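Please read these notes with the model open beside you. The points run from the whole chain down to single side chains.

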Amino acid sequence: MRPFKHPSASDLVLERVLYALSDPVRLEIVRRLANVAEASCGELDGGRPKSSMSHHFRVLRDAGLVCTQNAGTTHMNSLRRADLDERFPGLLTAILTQRD
């Protein structure tokens with residue numbers, strides 16, 4: 001498998017981050033990743049189809065919210081909290097502490 005591309009912290013764009021977080025499925029993924037060091041796509045899919053989850057993970061990666069690494073045949077995901085906090089101080093904390 002080829003490695004995934006991730007934007008550098010300096011290339012993160014607020015509008016892309018907010019767009020990625022505007023979808024309830026992607027927001028749920030980010031909230032779950034905030035509580036663990038990393039998780040596989042299967043642990044985060046909530047029983048949803050693989051094709052739609054691939055789209056959600058791509059949007060999260062492209063926005064710079066998630067880092068996806070290959071571990072054999074498994075994709076392991078982690079939240080890019082340090083990069084996000086550096087680029088947009090307090091944003092992720094505010095979003096993660098917001099309740100529905």
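Among contacts between residues at least 6 apart in sequence, what percentage join residues at least 24 apart? In this protein the figure is 69%, with contact meaning heavy atoms within 4.5 Å.

1. Ground rules. This is a predicted model, in which local features need pLDDT of at least 70, side-chain atom pairs count only at pLDDT 80 or more, and totals for chains, interfaces and linings use all residues. Residues are numbered from 1 along each chain as its sequence is written, and side-chain values use heavy atoms, with hydrogens and water left out.

2. Elements. The protein has six helices and three strands. From the N terminus, the order is α-α-β-α-α-β-β-α-α. Both kinds of element are DSSP runs, numbered from the N terminus: helices are H or I with at least four residues, strands are E with at least two.

3. Overall size. The radius of gyration is 13 Å, which agrees with the value near 13 Å for a compact globule of 100 residues. That radius is taken over C-alpha atoms, and the globule rule is 2.2 Å times the number of residues to the power 0.38. Along the principal axes, the C-alpha atoms fill a box of roughly 35 × 30 × 20 Å.

4. Burial. Of the 100 residues, 35% count as buried. The cut-offs are relative accessible area under 20% for buried, over 50% for exposed, and partly exposed in between (1.4 Å probe, protein chains only).

5. Helix 2. This helix covers residues 24–33. Its buried residues are Val 25, Arg 26, Leu 27, Ile 29, Val 30 and Leu 33. Asp 23 caps the N-terminal end, with a side-chain oxygen 2.8 Å from the backbone nitrogen of Val 25.

6. Arg 48. This residue sits in the loop between helix 3 and helix 4. Arg 48 is partly exposed, at 27% relative accessible area. Leaving aside neighbours within four places in sequence, Arg 48 is in contact with Val 25, Glu 28 and Met 53. The side chains of Arg 48 and Glu 28 make a polar contact of 3.2 Å. Such a contact is a pair of N or O atoms within 3.5 Å; within protein, one must be able to donate a hydrogen and the other to accept it, and residues adjacent in sequence count only if both atoms are side-chain atoms.

7. Glu 43. Is Glu 43 in a helix or a loop? Glu 43 is found in helix 3, residues 41–44. Its relative accessible area is 46%, so Glu 43 is partly exposed. A polar atom of the Glu 43 side chain lies 2.7 Å from the backbone nitrogen of Ser 40.
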